[in-house]
Amino acid sequence: ALNADPATHILSTDRFAVAVSDICSGLEGVGLILTFSAAWLIYFRREYIFPRALLLIPLGVAAIFLLNVLRIAALMLIGNAGFTDAAIYGFHSQAGWIAFIAVACGMVLLSRRSPWLNRTALQADLSAPTDNPTAAYLMPLLAILAAGEISRALSGSFEYFYPLRLVAALSMLAHYRDKLWALDWRFGWRAPAVGFLVFLMWIAAAHYLAPAASMPERLALMTPGLRISWILARIAGAVLLVPIAEELAYRGYLMRRWTNADFESVPFRAVRWPALIATAVVFGLAHGAFWLPGMLAGLAFGLLVVHHGRLGEA
């Protein structure tokens, strides 16, 4: 039986209990969706039909509130079923972000295809196939990030389902293989030399920025076959797939997008310092505590691409 104490904001069963604090109340999600929807409508104000487009704001807030109710209900169900580790360390921390991403993406996709809300949808033939050049560059990285959210939500304190990231990345690379295969993937001797120097810098930074840690206990408790498979998947992701996805997104797309909206028409050699530095800064910030070595690495990779005029260098 489920018990609810309004005074303490505690939901409990005989096996599991949750205290609904301000952090997990959904207020942060409401604030995020308010900020996102307002910024979106301001930036694309010429596309939308006002004042009816303003309905997106309360609809987004209502959707995020409803999903937060479902999130807490699902948290109770998972914990009560005996999966307390997944409930506390995985689902609890990731479900809010998954809900926000789902509402934000749903609001954007539906509103841009609605002739009642969007002027461009009035003029477009929605049944005709469209070519989105951005997708091939961004979807591999976005798929990895989305799979990571789901993987962490399912895994608990240790990410058992890390291989989901590999499946997501490979599926996107395979889907856009024709377009990606046409890129220049050649590289010279400078690329591995710069890569080796960045590797040394990263190891040195990890010595100071990352806490010392042994093998995770849950990984050590796996059978040898599962443990080796997980480690190989982790290496494949970190060494092969994630770098390809990152370079497509940062050097292939963003660095040229700073220069011109029609980024595919911009040769890599035509990229100037402001775009190069801005991309390196964003790349570094995406690496959390390693923001400084990340910026330096992003600058090095960008210089290689601009100097040689091909993405394969990075």
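In the predicted model, helices H5 and H6 meet through Met139, Pro140, Ala143, Ile144, Ala147, Gly148, Ser151 and Arg152 in H5 and Leu164, Arg165, Ala168, Ala169, Met172 and Leu173 in H6, where a contact denotes heavy atoms within 4.5 Å. Helices (H or I, at least four residues) and strands (E, at least two) are DSSP runs, numbered from the N terminus. The axes of H5 and H6 are 8 Å apart and form an angle of about 155 degrees; axes are lines fitted to C-alpha atoms, for helices over the stretch in contact, and angles run from 0 to 180 degrees between N-to-C directions. H5 and H6 are therefore roughly antiparallel to each other, given that angles under 35 degrees count as roughly parallel, over 145 as roughly antiparallel, 65 to 115 as roughly perpendicular and the rest as oblique. The crossing of this pair is right-handed; a crossing is left-handed if the near helix is turned anticlockwise from the far one by less than a right angle, and right-handed if clockwise.

Residues are numbered from 1 along each chain as its sequence is written. As the model is predicted, local features need pLDDT of at least 70 and side-chain atom pairs count only at pLDDT 80 or more, while totals for chains, interfaces and linings use all residues; side-chain values use heavy atoms, with hydrogens and water left out.

Helix H6 (residues 163-175) also packs with helix H10 (residues 224-257), at an angle of about 40 degrees and with the axes 9 Å apart. H6 and H10 are therefore oblique to each other, and H6 passes H10 in a left-handed crossing. On the H6 side, Pro163, Leu166, Ala169, Leu170 and Leu173 take part, meeting Trp230, Ala233, Ala236, Gly237, Leu241, Ile244 and Leu248 of H10.

Serine 151, located in helix H5, is buried at 0% relative accessibility (buried means under 20% relative accessible area, exposed over 50%, partly exposed in between; 1.4 Å probe, protein chains only). The side chain of serine 151 reaches the backbone oxygen of phenylalanine 161 at 3.0 Å. With residues up to four places away in sequence not counted, serine 151 touches Glu159, Phe161, Tyr162 and Leu164.

The count of salt bridges comes to 8, a salt bridge being a side-chain nitrogen of Lys or Arg within 4 Å of a carboxyl oxygen of Asp or Glu. One of them joins arginine 152 to glutamate 149, with the closest N and O atoms 3.2 Å apart. Both residues lie in helix H5 (residues 133-155), 3 residues apart, or about one turn of the helix. Arginine 152 is partly exposed, at a relative accessible area of 28%, whereas glutamate 149 is buried at 15%. Another salt bridge links the side chains of glutamate 159 and arginine 165 at 3.0 Å, N to O, and both of these residues are buried. Glutamate 313 and arginine 310 also form a salt bridge, their closest N and O atoms being 2.8 Å apart. Glutamate 313 is buried, with a relative accessible area of 3%, and arginine 310 is likewise buried, at 17%.

Overall, the protein has 12 helices and 3 strands, and its C-alpha trace spans about 65 × 60 × 35 Å along the principal axes. Of the 314 residues, 37% are buried. Among contacts with a separation of 6 or more, 69% are between residues 24 or more positions apart.

Methods: A polar contact is a pair of N or O atoms within 3.5 Å; within protein, one must be able to donate a hydrogen and the other to accept it, and residues adjacent in sequence count only if both atoms are side-chain atoms.
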